[in-house]
Amino acid sequence: MSAPLAPLARGIDRVTRSALGRYQTAVIRIGISFAWLCFLLREWPNRHEMYGPDGPWSWDMARRLTADNHAFTALVWSDSTLWFETVYALAIVSSALLMLGWRTRTMSVLFMIGVLSLQNRSVFLGDGGDNVIHLLALYTVLTRCGLVWSLDARSARRRRTEAADDGRTGGPGPGAPAGLDVTGILLWAGCGLALAVTEALGNSRMSWTADGPLPGLGWSAVFWGLWLVQGLWWCVRRYAPGEPRTVLDAFANLAHNATLLVIMAEVCLIYSTAGWYKIQGSRWQDGTALYYPLHLDYFSPWPELSDILGGNSVIVLLLSYGTVAVQVAFPFTLLNRRAKNVLLAVMMCEHLGIAVTLGLPFFSLAMIVADAVFLPTSFLRRVGALTGRARDRLLPARAASIPSQREDEESPRSLVG
């Protein structure tokens, strides 16, 4: 009986003992928040026409649509310009702070609120890249994406270094509780107050048991649940560092690893459905599909380049067939690591080509970020080491005060990060 169950026991221990793919989820955090931040800043002059009171999709129309499809958006709570500017500014600030990894857990929730509020306000403005950002914003909330390459991780390393130094000099030692996280407490209390005010106003359309991300679970239950879990997490890590903390860490690792698996499956589903639908199209079958977008003014930021590519039938044929072949084959290459890495590089180069040739930088960036979930950890660590050395050369004084990166990094001990 024990022999057949041994692999299962090892698998359960692996998914609950540690957060897998911490570098990949850090890349997703940095990349998706960077893409959304750049998009918001680029569209700053057009924000009122796209998502605000001057848009062709009026506030009343958005309110009626969300009443039917139950999509979450904070912009239907009020039609005032001040409220729109507040939500837009919140989306920008939360994107920047999430990219830097400051209070990652809280910023991931605020980032999700900003993405859903703006995208669901004007649903007809989006494209495939917006859909990817939409999904990853939801998934990022459940991942421990701040374990590496974040300000939170750097603060955690500094605290461990200080605790070890205190232990060697006769101080409290690494087992002593850290000081009060005043910033975290204030941020946590502010989020709770904002939730309470939203509930008191009664016009938020947030329910406890309906119209939420899951059947039977409303957005009120989601937000209050996340808020309470944050408070519980901080209390346990500070005052009960034994078995209760181990149990919470196991649940957090399980949620992280399950979400990482969902992200990987989502990327495979995107490419497989895109590839198989292309196979059914007559233009893809005869190899002329890419000829048409290359001759549209809307998708021709570099007309000379588009004319060169679109005027060569061999190039159009190879690119059309190659696109279909890569998208259909990618999910199957996951069975072979080397083939997967080669095809992953080809797909990223393809998205770079789409960004330059068709003028779709944010769509391409979102897809490259989604593809990064399959990048090898060794490659990401080498990139991180090269980036760190470049930073140390540019800022030698600052680099001396930053503790070195460790493989056994834990999530920072703070109330909301």
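Figure 1. Asp-211 is found in the loop between H9 and H10, where helices are DSSP runs of H or I with at least four residues, numbered from the N terminus. The model is a predicted one, in which local features need pLDDT of at least 70 and side-chain atom pairs count only at pLDDT 80 or more, whereas totals for chains, interfaces and linings use all residues. Residues are numbered from 1 along each chain as its sequence is written, and side-chain values use heavy atoms, with hydrogens and water left out. Although Asp-211 is not a glycine, its phi is positive, at about 60°. With a relative accessible area of 35%, Asp-211 is partly exposed; buried means under 20% relative accessible area, exposed means over 50%, and partly exposed covers what lies in between (1.4 Å probe, protein chains only). Arg-103, likewise not a glycine, has a positive phi of about 50° and is placed in the loop between H5 and H6. Arg-103 counts as buried, at 9% relative accessibility. Most residues other than glycine have a negative phi.

**Figure 2. The salt bridge between Arg-103 and Asp-181.** A salt bridge is here a side-chain nitrogen of Lys or Arg within 4 Å of a carboxyl oxygen of Asp or Glu, and by this rule the count comes to seven. In the pair of Arg-103 and Asp-181, the closest N and O atoms are 2.6 Å apart. The pair links distant parts of the chain, 78 residues apart, with Arg-103 in the loop between H5 and helix H6 (104–121) and Asp-181 in the loop between helix H8 (151–168) and helix H9 (182–201). Both partners, Arg-103 and Asp-181, are buried.

**Figure 3. Arg-47 with its partners Glu-85 and Trp-44.** Glu-85 forms a salt bridge with Arg-47, in which the closest N and O atoms are 3.1 Å apart. Because Glu-85 lies in helix H5 (residues 81–100) and Arg-47 in helix H3 (residues 47–50), the pair ties together parts that are 38 residues apart in sequence. Arg-47 is buried, with a relative accessible area of 12%, whereas Glu-85 is partly exposed, at 22%. The charged end of Arg-47 also sits over the ring of Trp-44, 3.7 Å from its centre; for such a contact, NZ of Lys or CZ of Arg must be within 6 Å of the ring centre and within 35 degrees of the ring normal. Elsewhere, Lys-278 lies over the face of Trp-284, at 5.3 Å from the ring centre.

**Figure 4. Asp-249 and Arg-237 in a salt-bridge network.** The closest N and O atoms of the salt bridge between Asp-249 and Arg-237 are 3.5 Å apart. Asp-249 lies in helix H11 (residues 243–280) and Arg-237 in helix H10, so the pair ties together parts that are 12 residues apart in sequence. Asp-249 and Arg-237 are both buried. Through shared partners, salt bridges join Arg-144, Arg-237, Arg-245 and Asp-249 into one network.

**Figure 5. Aromatic ring pairs, including Trp-234 with Tyr-239.** Rings of Phe, Tyr and Trp (its six-membered ring) pair if their centres lie within 6.5 Å, and planes under 30 degrees apart count as stacked, over 60 as edge-to-face and the rest as tilted. A search of the whole structure finds 18 aromatic pairs. The rings of Trp-234 and Tyr-239 have centres 6.1 Å apart and planes at 90°, so this pair is edge-to-face. Trp-234 counts as buried, at 11% relative accessibility, whereas Tyr-239 is exposed, at 56%. The rings of Tyr-291 and Tyr-292, with centres 5.4 Å apart and planes at 90°, also form an edge-to-face pair. Both of these tyrosines are partly exposed, Tyr-291 with a relative accessible area of 36% and Tyr-292 with 41%.

Figure 6. Tyr-239 lies in helix H10 (residues 219–239).

Notes:
Helix = DSSP H or I, 4+ residues; strand = E, 2+ residues; numbered from the N terminus.
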